[in-house]
Amino acid sequence: MAQTSGSRRRARESAMQILCLIDRQPELSAAQAASMYFAHLLGDDGEASTTIEALNLPSESRLFIESLVSGVRRAQTDIDALISRCSRNWRLSRMGIPDRNVLRLACFELIGCPEVPARAVLNEAIEIARRYGTSDSAAFVNGVLDRVVSELGRRDESTESAPSAPA
């Protein structure tokens, strides 16, 4: 069963929030951060036994969240270098935590998921930045990702003129 664009956005939002938790507490593994995040969502007392499965998420969503978080973590050095090259006048350390992790997530998808149109990745990232960042986040994320797309050579027909395809 294919995921809807809404469920994929929710999965991306969860992945971004888990990455933010890791950003704030770098000693956490991806699995520990995911357990803490989902324990919080479930209103648990923070027991480490709470897992993503406890939310009864469809297996596609669970796998997508896990692949996004682990993919970003695995390639974070390269992703951060790419963001640094493409973010004019902003060091990674000066970016807001949500903005930095939305960018990491989008960069991972642009690099590691060529089947997802670049425009869909950008649209999703901009919407997530708008929801979780500041009033300037959507424009900031859009500007950086436009440069990332150019650097990666990911301009496709959908980035030029057509409306975005579902992600």
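**Entry 1: salt bridges**

I searched the whole structure for salt bridges and found nine. I counted a salt bridge when a side-chain nitrogen of Lys or Arg lies within 4 Å of a carboxyl oxygen of Asp or Glu. The model is predicted, so local features need pLDDT of at least 70, side-chain atom pairs count only at pLDDT 80 or more, and totals for chains, interfaces and linings use all residues. I number residues from 1 along each chain as its sequence is written, and side-chain values use heavy atoms, with hydrogens and water left out.

**Entry 2: Arg-12**

I started with Arg-12, which forms a salt bridge with Glu-124. The closest N and O atoms are 3.3 Å apart. This pair links distant parts of the chain, with Arg-12 in helix H1 and Glu-124 in helix H5, 112 residues apart. For helices I took DSSP runs of H or I with at least four residues, for strands runs of E with at least two, and numbered them from the N terminus.

Is Arg-12 buried or exposed? Arg-12 counts as buried because its relative accessibility is 2%. Glu-124 is buried as well. My cut-offs are under 20% relative accessible area for buried, over 50% for exposed, and partly exposed in between (1.4 Å probe, protein chains only).

I then looked up polar contacts of Arg-12. Its side chain makes one with the side chain of Glu-109, at 2.7 Å. Another, of 3.3 Å, joins the side chains of Arg-12 and Glu-124. A polar contact here is a pair of N or O atoms within 3.5 Å; within protein, one must be able to donate a hydrogen and the other to accept it, and residues adjacent in sequence count only if both atoms are side-chain atoms.

**Entry 3: two other pairs**

Asp-23 and Arg-104 meet through their side chains in a salt bridge, 3.4 Å from N to O. This pair, too, links distant parts of the chain: Asp-23 sits in helix H1 and Arg-104 in helix H4, 81 residues apart. Asp-23 counts as partly exposed because its relative accessibility is 23%. Arg-104 is at 5%, so it counts as buried.

Glu-127 and Arg-130 form a salt bridge of 2.5 Å, N to O. They are three residues apart in helix H5, so about one helical turn separates them. Glu-127, at 33% relative accessibility, counts as partly exposed. Arg-130, at 47%, also counts as partly exposed.

**Entry 4: Ser-14**

I found Ser-14 in helix H1. Ser-14 is buried, with a relative accessible area of 10%. What does Ser-14 touch, not counting residues up to four places away in sequence? It touches Tyr-37, Phe-38 and Ile-65. Contact means heavy atoms within 4.5 Å.

**Entry 5: the largest nonpolar core**

I looked for nonpolar cores, meaning sets of buried Ala, Val, Leu, Ile, Met, Phe, Trp, Tyr and Cys residues joined through side-chain atoms within 4.5 Å. The largest has 46 residues. Ile-18, Ile-83, Leu-103, Leu-110, Val-141, Leu-145 and Val-148 touch the most other members. Helices H1 (5-24), H2 (30-42), H3 (59-86), H4 (97-112), H5 (118-132) and H6 (137-152) each give two or more residues to this core. H3 gives the most, with nine residues.

I followed up Leu-145. Leaving out residues up to four places away in sequence, Leu-145 touches Leu-103, Ala-106, Cys-107, Leu-110, Leu-122 and Ala-125.

**Entry 6: helix H6**

Buried residues in H6 include Ser-137, Ala-138, Phe-140 and Val-141. Gly-143, Val-144, Leu-145, Val-148 and Val-149 in H6 are buried too. I checked its length. At 1.5 Å a residue, the 16 residues of H6 should span 22 Å, and its end C-alpha atoms are 22 Å apart, which agrees. The expected span is 1.5 Å times one less than the number of residues. Gly-153 follows H6, and its phi is positive, near 70 degrees.

**Entry 7: the whole chain**

I counted seven helices and zero strands. Along the sequence the pattern reads α-α-α-α-α-α-α. The chain has 167 residues, and 46% of them count as buried. Of the contacts with a separation of 6 or more, 65% are between residues 24 or more positions apart. The accessible surface comes to about 8,600 Å², and 51% of it belongs to carbon and sulfur atoms. Accessible areas come from the Shrake-Rupley method with a 1.4 Å probe; for residues, only the protein chains shown count as cover.
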